[in-house]
Amino acid sequence: MDSDLDILIVAPHPDDAEISIGGTILACKQQGLRVGVIELTNGEPTPYGSPEIRVKETAAATEVLDLDWRQSLGLKNRSLESSLDARRELAVVFRLQRPKIILAPYWEDVHPDHVAASHLTDAARFWAKLSKTDMPGEPYWPPQIYYFWSIHLRNHPKPSFVFDISDQIDLKMQAIRCYESQMLTGKSTEHPTVLDDIKDRARYWGWTIHRGYGEPFASREEVGLESFLPLLSTKKP
C-alpha cells in the first residue's frame, strides 16, 4: 500500500520527536524512507504555549523535517495513561499506517507521560494484530520497535545502537527552534541554554561512535545484520 509508512514515531508531546530523534528522522527522509509522527497529546498547558501556538509550531517543524504524515491522537496531556481506550486508538493508527518500524519513548523516566507513552505503545502494538475486533483496518503486527531517549532523568542507559546524525544536526536544531514557546520564550540566554544542552547531548552520543553527532536507541530484542559494511568506520577513533 502506498500509504504504508517505513517508520512511525510515537511522541508523547509536540517537539519530543524533534528533540529526541530529529536527526534520525531527517536522515531517514534523505534515504527515501516514508516517515510519520503520531503525537499522543497536544502538550498543553505550558507556561508560554497554547493549543493554537503549538499547532503552528508543529506545522513549521513538520515542514523542516519533510514528514510524510503527522497527526495528534488528542489524548489528555499530563494525564496520559495506557488505558484500554487509548490502547485501541493507537492500535488503529498502527493498523491503518502499517509502519515497518516503530520508534517509541524509552520506558524509564520521571515524566509520567513519557513512561505511559512507552507502555501504551507496547500494548497498542500487540492489540494492532488482533482479529475478531471492531477496530478498523486489517490486523497488523509492526515487526520492529526501538526506543529513543526522551527522558528527564539525568541517568545514562546503555543504548543498543547510536544513529549517526552528523550531517543532519544543523537541520535538526532548526526544527527544534520552531517550538519557540518551549525553547526560547522565557528561557535563559546564558550558556548553557536549552538548545545548547540538546546539541551537546547529541555531540556526546556522536563521540561514543567516533562521529560528530548521534542519537541513541534501545532495543529489547536483538538487532540483526546482513553485512558488516555498515559498521566499518572510515574515521579514526
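A residue is called buried when its relative accessible area is under 20%, exposed when over 50%, and partly exposed in between, using a 1.4 Å probe and protein chains only. By this scale Trp 149 is buried, at 12% relative accessible area, and Trp 205 is also buried, with a relative accessibility of 9%. The model described here is predicted, so local features need pLDDT of at least 70 and side-chain atom pairs count only at pLDDT 80 or more, while totals for chains, interfaces and linings use all residues. Residues are numbered from 1 along each chain as its sequence is written, and side-chain values use heavy atoms, leaving out hydrogens and water.

Rings of Phe, Tyr and Trp (for Trp, the six-membered ring) form a pair if their centres lie within 6.5 Å; planes under 30 degrees apart are stacked, over 60 edge-to-face, and the rest tilted. This rule gives eight aromatic pairs. In one of them, Trp 149 and Trp 205, the ring centres are 6.3 Å apart and the planes stand at 85 degrees, so the pair is edge-to-face. Helices (H or I, at least four residues) and strands (E, at least two) are DSSP runs numbered from the N terminus. Trp 149 sits in the loop between strand E5 (144-148) and strand E6 (161-164), whereas Trp 205 belongs to helix H7 (residues 194-208), so their pairing ties together parts 56 residues apart in sequence.

Phe 161 and Phe 217 make a stacked pair, with 5.2 Å from centre to centre and 15 degrees between the planes. Phe 161 is in strand E6 and Phe 217 in strand E7 (residues 214-218), so this pair too joins parts that are 56 residues apart in sequence. Phe 161 is partly exposed at 25% relative accessibility, but Phe 217 is buried at 2%.

Ring pairs also link Tyr 106, Trp 107, Tyr 147, Trp 149, Tyr 204, Trp 205 and Trp 207 into a cluster. A charge sits over a ring if NZ of Lys or CZ of Arg is within 6 Å of the ring centre and within 35 degrees of the ring normal. Arg 220 lies over the face of Trp 107, 4.0 Å from the ring centre, and over that of Tyr 147, at 4.9 Å.

Contact (heavy atoms within 4.5 Å) between helix H2 (residues 51-65) and helix H5 (residues 169-177) is made by Ala 61, Val 64 and Leu 65 of H2 with Leu 171, Gln 174 and Ala 175 of H5.

Terms used
Axes are lines fitted to C-alpha atoms, for helices over the stretch in contact, and angles run from 0 to 180 degrees between N-to-C directions.
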